[in-house]
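Here are my notes for you on this one, written as numbered points. Keep the structure open beside you and find each residue as it comes up.

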Amino acid sequence: MRTRRTRRLSSVIVLFLAIVITSDAQAQASMKSIERAIVKGQFDRALELIEQQLETHQGDPALRLRRAEVYSYSGRQNVALEELDTLRIQYPRDVDYALARGRLLGQMQQDEEALQELRIATSLAPSYEEAWNLRFDLLSRQSSSKAEGEREAVRREAAKRFPKSRWWRESQAWDETEWTVFVGASREDLDNGLPDWSHQFVE
């Protein structure tokens, strides 16, 4: 009797694992389709695919972040900002949402609010170099003495945390195109084209 139960249990486990693996493979295939649509500039198609995924994974924050990204790419910045506002409220300690919102606000020329988000991001994840880099870049386009003082403070902090990096060594010319792409934070490569969007929750 015990042998039969063990066999039945093993069959259930195998079936469950097969379902999980299949679902994971389907999700990966869907994400690749979304990425291809984005790269081709087919933003409506990308949004359609994201909505399809959200029907299965309702409220998934990673998909919603991706949706905000695509809205921004397609020029619908206000819609993207509304999505990010909601995510920031729901996940106040997720640095990726603070960083994405700060970047979008910088793109929209709302500098003070953008800087506030980037200050939060560097506070939530002090080792997150991209957050410091963006904060430094945004401060570099400010002309006030207060901004200059904060920029120098960021430079000193960056020198301690990221001694091998070069971005903090001298004032860089402001590049508008830098802010037209959302930050996708993978732990290995924080800003490389269209990366995988892993999330860093800080307890």
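1. Let's begin with how the chain folds back on itself. Among contacts in the protein with a separation of 6 or more, 55% are between residues 24 or more positions apart. Keep in mind that this is a predicted model.

2. The protein has eight helices and zero strands, so if you read the elements from the N terminus on, you get α-α-α-α-α-α-α-α. There are 203 residues, and 42% of them count as buried. The accessible surface comes to about 11700 Å², with carbon and sulfur atoms holding 51% of that.

3. How far can you trust it? The average pLDDT is 80, and 70% of the residues score at least 70.

4. Next, the inside. The largest nonpolar core has 45 residues, and the members that touch the most others are Leu84 and Trp167. At least two core residues come from each of H1 (2-39), H2, H3, H4 (77-90), H5 (95-107), H6 (111-124), H7 (129-140) and H8 (145-161). Which helix gives the most to this core? That's H5, with seven residues.

5. Trp167 is worth a stop of its own. You'll find Trp167 in the segment after H8. Is Trp167 buried or exposed? Its relative accessible area is 8%, and the cut-off for buried is under 20%, so Trp167 counts as buried.

6. Ring pairs join Phe136, Phe162 and Trp167 into a cluster. Look at Trp167 and Phe136 in particular: they are 31 residues apart in sequence, and their C-alpha atoms are 8.6 Å apart in space.

7. Staying with rings, the count of aromatic pairs comes to four. One of them is Phe43 with Tyr73, where the ring centres are 5.9 Å apart and the planes make an angle of 35 degrees. Why call this pair tilted? Planes under 30 degrees apart would be stacked and planes over 60 would be edge-to-face, so 35 degrees lands in the tilted class. Phe43 is in helix H2 (residues 43-56) and Tyr73 in helix H3 (residues 61-73), so the pair ties together parts that are 30 residues apart in sequence. Tyr73 is buried, at 18% relative accessible area.

8. Arg67 is another one to find in helix H3. Is Arg67 buried or exposed? Its relative accessible area is 15%, so Arg67 is buried. What does Arg67 touch, apart from neighbours within four places in sequence? Its contacts are Leu47, Ile50, Glu51, Leu54 and Glu83.

9. Move on to Gln77, in helix H4. Gln77 has 22% relative accessibility, so it counts as partly exposed. Once you set aside neighbours within four places in sequence, Gln77 is in contact with Tyr71, Leu104, Gln107 and Met108. Gln77 and Leu105 are 28 residues apart in sequence, with 9.0 Å between their C-alpha atoms.

10. Gln109 sits in the loop between H5 and H6, and its phi is near 65 degrees, a positive value in a residue other than glycine. Most residues other than glycine have a negative phi. As for accessibility, Gln109 counts as partly exposed, at 46%.

11. Last stop, Glu148 in helix H8. At 36% relative accessibility, Glu148 counts as partly exposed. Glu148 and Phe136 are 12 residues apart in sequence, and the C-alpha to C-alpha distance is 9.9 Å.

Technical notes. Residues numbered from 1 in each chain as written. Predicted model: local features only at pLDDT ≥ 70, side-chain atom pairs only at ≥ 80, totals over all residues. Heavy atoms only, no water. Phe/Tyr/Trp six-rings, centres within 6.5 Å; stacked < 30°, edge-to-face > 60°. Helix = DSSP H or I, 4+ residues; strand = E, 2+ residues; numbered from the N terminus. Buried < 20%, exposed > 50% of the residue type's maximum accessible area, 1.4 Å probe, protein only. Contact = heavy atoms within 4.5 Å. Areas by Shrake-Rupley, 256 points an atom, 1.4 Å probe, with all protein chains shown as cover. pLDDT = per-residue confidence, 0-100. Core = buried A, V, L, I, M, F, W, Y, C linked by side-chain atoms within 4.5 Å.
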